[in-house]
Protein chains: 4
Amino acid sequence: MLQEHCLIWVVGGDHRQVALARALADDGHEVRTFALGPCQGLERETLAGIEDAHCVVLPLPAEEQGQLNAPLAGQYHSIEEIFSALRPGQLVCAGQVGAGLAARAGQRGIVLRDYFGREELAVLNAIPTAEGAVQIALEELPITLHGARVLLLGFGRVGRALAPRLKGLGAKVWVAARSCIQRAHAESMGLESEGMERLAEWLCSYDLVVNTIPAPVLGVEELAAMKQGVLVMDLASRPGGVDRTAAKALGVRVVWALSLPGRVAPVTAGRYIQQTVYHIMEEELGGKV
Amino acid sequence: MLQEHCLIWVVGGDHRQVALARALADDGHEVRTFALGPCQGLERETLAGIEDAHCVVLPLPAEEQGQLNAPLAGQYHSIEEIFSALRPGQLVCAGQVGAGLAARAGQRGIVLRDYFGREELAVLNAIPTAEGAVQIALEELPITLHGARVLLLGFGRVGRALAPRLKGLGAKVWVAARSCIQRAHAESMGLESEGMERLAEWLCSYDLVVNTIPAPVLGVEELAAMKQGVLVMDLASRPGGVDRTAAKALGVRVVWALSLPGRVAPVTAGRYIQQTVYHIMEEELGGKV
Amino acid sequence: MLQEHCLIWVVGGDHRQVALARALADDGHEVRTFALGPCQGLERETLAGIEDAHCVVLPLPAEEQGQLNAPLAGQYHSIEEIFSALRPGQLVCAGQVGAGLAARAGQRGIVLRDYFGREELAVLNAIPTAEGAVQIALEELPITLHGARVLLLGFGRVGRALAPRLKGLGAKVWVAARSCIQRAHAESMGLESEGMERLAEWLCSYDLVVNTIPAPVLGVEELAAMKQGVLVMDLASRPGGVDRTAAKALGVRVVWALSLPGRVAPVTAGRYIQQTVYHIMEEELGGKV
Amino acid sequence: MLQEHCLIWVVGGDHRQVALARALADDGHEVRTFALGPCQGLERETLAGIEDAHCVVLPLPAEEQGQLNAPLAGQYHSIEEIFSALRPGQLVCAGQVGAGLAARAGQRGIVLRDYFGREELAVLNAIPTAEGAVQIALEELPITLHGARVLLLGFGRVGRALAPRLKGLGAKVWVAARSCIQRAHAESMGLESEGMERLAEWLCSYDLVVNTIPAPVLGVEELAAMKQGVLVMDLASRPGGVDRTAAKALGVRVVWALSLPGRVAPVTAGRYIQQTVYHIMEEELGGKV
């Protein structure tokens, strides 16, 4: 944990940013929020003083169509409004920084760092993502996960977080992955694994199929081969890996579950961002604070 | 599994009975249903022929205020209507058989067995109960169960099914129980445990408190000592173990979760009843089938 | 934990009794040992003063052929020598108390309690027993337990402690048990289970077979059906459940593992006895201390 | 699995190579062994015909001081003897290929591939390494792993395989690692973690310390701070991470456990090499077989 007392502005965002602001204050930092809605007396009406902040934290994602992503604020704010209040060389942490945002920050000499791109946050975010997937499966299936047959497509961070949770609930879990390294990881966790070829030939026995591969893996052939009553959950980011049109025509139930951390556990998601922001501050500010 | 081909009537009940009827038919038995609603062509309009059944399965609970418990049927049926169609000596399996029902069956010479009172069903039903409790916790808490501090009050069947599932999701689980045998079970599962005395002194640090003790254990003193934002889940049967009036006054959120197996996993719950009915049929009918 | 300061004599026994004596002293009790060998200055050369003890703890088992079980002592002591030094009404805790010992204690008015017969100790002792079984399997098998196929015969306390440990190491575990309640427990832990009939027909695929049933379950027919290279571990108390003569003739490797807690984890085993002795003292002495 | 029927020579090595040869033959391949000792009729007295092999598998490590590593053979063989019998372009798989061996293979136009350097084998080998570490801990500690306090230094592949196994046995596991990504992995597995600074200040409470960092991390200061009776296990490759001289002087028990897969589970280790050799053959030979 960052040990020095810092001034940190938390600007825009949803309940994750609220949780982040509170957690920073609980750690003893001086915190100001803007465009975050009423937040324990931390909210400011203007950006006056933001140029003194050791760090400014923008939300995840930072912008939506040129506007600051600020669903809890009463009005719109442009990114330019925020950036123009900052000083050159100031440290700004933001989530999912696109090329446009990075360019604008660069023009103003702002040190913009993307916390969402960091490995440690990705590893931690797999936890609430996996919990959200478990919650959806519990809600949607008329059988217990205990004894249910589950197929995971892909075995990256989310798969590796989800598999032990499903097993802990008594599900029987299989993995399909192209990479022999991912399959070795599956085997090391005690899971049977297969390659991705000829998927349609053997996925007829699963009660739940969870896709984590951001590529079209479940097409009409695979969907048609599935068991009556199967639940398909797609955790892959847009455009996902499931042919939705085919699924609708075939009557296969598909749940597309995105951005689970912020939805199912905003307080925890905010704390994970906090930890990552601390790492960035330590790296960027070092002994300067 | 019962190996012989039997005639079994499934009478009344909810989706568990539907799942039971289907599962019996899948095993090759001849199945008739009554007062269960349209069910894959198994439903009969009258009780004619029920006296030939090797076994008649009534729902869980079998009756509600003298009526057959039949929420999926279009009309009411009295228990007498069912019983009068049976023959003396006929085997009837029912759930939660009260003294009144048992007496009426006895008068007609019906062999009435309560599947809900059997240990093997109680052990199995703890599984969907635990999954339901996990689901509620995932839905209600703004933090992940991963890292959450959970206190289980009592450590019987449900506690022993719930604890490893919570741990599998990364929660930190403690147990409070009066009995040193229950506490030894907790220790053998790697859980810290405490007695029930002075509960109010140390339950301030938990994010989730799950009660399974059917006695008033969480009164105003204990509720007042809890952490801000705690979730209390009461799994104990009526009247439960939580002082609801005090909780309301104190603003402590309490979820009273009853009959979880039928609600969260009716198909699995029906299959567990099926297994138990098979055991009863083997014991009662033996070589007679 | 017993809160008052007591005088406790620890008499005879092996390293469990040593660990017990030390743990009692660590808790602040006044401890004397006799026939236990040099033990941190606690050892006494005579029994003088033992009549003042709040409790005297004899080993597990307490006697061997009329002698005090005292492998660490330099000489033999008869049980009579110990008993004659005690006062009527004095509390003595001992392990595996036979009818003869109980009768002699009764004649002298000694309050003799068997800690080994208590459920909480049996539950706790299943832990080091299971660890010992895991250790033997790791030592004896040329394959990893990860991926090994293991069959547990019987599913009582030891089976229920062993199964999750084997699964935690990645083994694939099956259970065979006669009782449908034990099989329901197996299913609730996510294990496939079978009855005990026709065992010989299907045990050919296991790498490790662990028996916990104190009855002849593995005879020549079952042993002959096993896989080449199988390891059979017998945890059942004498005479065990394996036909050793047949096993030898057939070349099936059998390990008979008894009294594992004291052998593999004497310090922990001593602490479990300590906890159980505390429970007995609370029940027997109550407010008298 | 490689589907075509191949001719494979297995040359030199220990029981892992024996298991590999058998497993290849079980898969239907034509197998010859050399310098492996009597092996089910597969052993050849000369290298005649080896030039026809689709693949030649050398042991792990392939050579020891210029000689073929062949502890089961009756005599010494130089690497040159083997290499001179091969044809240019022939595929050879070997373990721990040093620069010298690679150079000599290159001179002869041999396609030498190091299976030990492949990620999938490293992931799989972490399993028997973890089991071996568990076995040593069970053998050496007088307490159960259940309830023991264990500190893992470093959290790479071996740490991630070992931690869930220790937890599955009931140990309380902490992680110390420099990298915030490794610490995020630890947190995602439900483990508390710390940085490596000021280690000496807080490692006094552990019963078992397992080092996996190949750097001097446990010096005199850290060793002196440890609990009386602690067991230190060093799994890091030479020169390990423990100051052995200091440990000896301080009376701290250190077990240096190297090459565990081949020692504790040679058959499984051989099968893992088999899988990896298949992957290499598929990549190198592709449609050519």
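Modeller: Of the 289 residues of chain A, 55% count as buried, a residue being buried if 20 or more other C-beta atoms, placed from the backbone, lie within 10 Å of its own, exposed if 12 or fewer do, and partly exposed in between. Keep in mind that this is a predicted model, where local features need pLDDT of at least 70, side-chain atom pairs count only at pLDDT 80 or more, and totals for chains, interfaces and linings use all residues. Residues are numbered from 1 along each chain as its sequence is written, while chains are lettered from A and ligands numbered from 1 in the order in which they are written. Chain A averages a pLDDT (the predictor's confidence in each residue, from 0 to 100) of 94, and 98% of the residues score at least 70. For the complex, the predictor gives an ipTM of 0.92 and a pTM of 0.93.

Chain A holds 11 helices and 13 strands; these are DSSP runs numbered from the N terminus, with helices being H or I of at least four residues and strands E of at least two. An automatic or database assignment sets the domain bounds, dividing chain A into domain 1 (7–117 + 265–288) and domain 2 (125–258). Their C-alpha centres lie 35 Å apart.

Now for the meeting place. On chain B, 21 residues are in contact with 21 residues of chain A, where contact puts the C-beta atoms, placed from the backbone, within 7 Å. Three elements of chain B give two or more residues each to this side: helix H4 (119–140), helix H5 (157–168) and helix H11 (266–285). H4(B) gives the most, with seven residues. Sorted by class, this side of chain B has 13 nonpolar, five polar and three charged residues. Here Ala, Val, Leu, Ile, Met, Phe, Trp, Tyr, Cys and Pro count as nonpolar, Asp, Glu, Lys and Arg as charged, and the others, Gly among them, as polar.

How do the copies fit together? Chain B superposes on chain A by a rotation of 180° with 0.0 Å of shift along its axis (RMSD 0.0 Å), using least squares on the C-alpha atoms of residues with pLDDT of at least 70 in both. The two copies are therefore related as by a two-fold rotation axis. In chain B, the C-alpha of Gly168(B) is the nearest to that axis, 2.4 Å from it. Finally, 100% of the interface residues of chain B are also interface residues in chain A, so the copies meet through the same surface.

Conventions:
Two residues are in contact if their C-beta atoms, placed from the backbone, lie within 7 Å.
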